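Here is a short tour of one protein chain, written to be read beside its sequence and model. Please keep the viewer open as you go.

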Amino acid sequence: QVQLAESGGGLVQAGGSLRLSCAATGRTFSSYAMGWFRQAPGKERDVVAGIDRTGGRTYYADSVKGRFTISRDNAKNTVYLQMNSRKPEDTAVYYCAAKATIYTDTYYRREYEYNYWGQGTQVTVSS
């Protein structure tokens, strides 16, 4: 089992940058593909980005492609989400998630595929 804790959320002006971190404790971090999701008020939780176990393959939702970057540092048991050129519509609670997998080169995009979730961190973008 793995425990996840997000940090780095807060208030940022439109156009600004913010980096979220998700620290994992428990079993071997490199055994998990990781993902970031977000849930805006009154909306369902949607995928933002995914990354495979090694960091070699990534996925981005169309709404964030070119602005957000997911990365991971297996030595630090941490996955990151660098968010640039923020827009008000990026306001949401951001969650990181982990999926245990034997595949080293596969990312995952669907909420139901993930086994473990963090508590979330609020990100608010002001216009």
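## A buried charge and its partners

With a relative accessibility of 0%, Asp-90 counts as buried, a word used here for under 20% relative accessible area, with exposed meaning over 50% and partly exposed anything in between (1.4 Å probe, protein chains only). Before going further, please note that this is a predicted model, in which local features need pLDDT of at least 70 and side-chain atom pairs count only at pLDDT 80 or more, while totals for chains, interfaces and linings use all residues. Residues are numbered from 1 along each chain as its sequence is written, and side-chain values use heavy atoms, with hydrogens and water left out.

What does Asp-90 pair with? One partner is Arg-38, in a salt bridge, defined as a side-chain nitrogen of Lys or Arg within 4 Å of a carboxyl oxygen of Asp or Glu. This pair links distant parts of the chain, since Arg-38 sits in strand 4 and Asp-90 in the loop between strand 8 and strand 9, 52 residues apart. Strands are DSSP runs (E, at least two residues), numbered from the N terminus. Arg-38 counts as buried because its relative accessibility is 14%. Arg-86 also meets Asp-90 in a salt bridge, and both of these residues are buried. Arg-38, Arg-67, Arg-86 and Asp-90 are linked in a network of salt bridges.

The structure holds five salt bridges; three of them are listed here.

| Pair | N to O distance |
|---|---|
| Arg-38 and Asp-90 | 2.9 Å |
| Arg-45 and Glu-111 | 2.8 Å |
| Arg-86 and Asp-90 | 3.3 Å |

For Arg-45 and Glu-111, the side chains meet in a salt bridge that joins strand 5 to the loop between strand 9 and strand 10 (116-117), 66 residues apart. Arg-45 is partly exposed at 21% relative accessibility, and Glu-111 is partly exposed at 32%.

Four strands make up an open sheet in the order 1-3-8-7, with antiparallel pairing; strands pair if DSSP finds at least two bridges between them. Strand 1 and strand 7 stand at the edges with a single partner strand each, so one side of each has no neighbour in the sheet.

Strand 3 and strand 8 are joined by six bridges in the antiparallel sense, and Ala-23 has Thr-78 of strand 8 as its bridge partner. Strand 7 also pairs with strand 8 in the antiparallel sense, again over six bridges, with Tyr-80 of strand 8 as the bridge partner of Ser-71. These two strands form a hairpin with four residues between them, and Asn-77 in the turn has a positive phi of about 55°.

In a regular strand the side chains alternate between the two faces of the sheet.

Which residues touch the most other members of the largest nonpolar core? They are Met-34, Trp-36, Leu-81 and Tyr-94, out of 29 residues. A nonpolar core is a set of buried Ala, Val, Leu, Ile, Met, Phe, Trp, Tyr and Cys residues joined through side-chain atoms within 4.5 Å. A second, separate core has seven residues, among them Val-47, Tyr-59, Ala-97 and Tyr-114.
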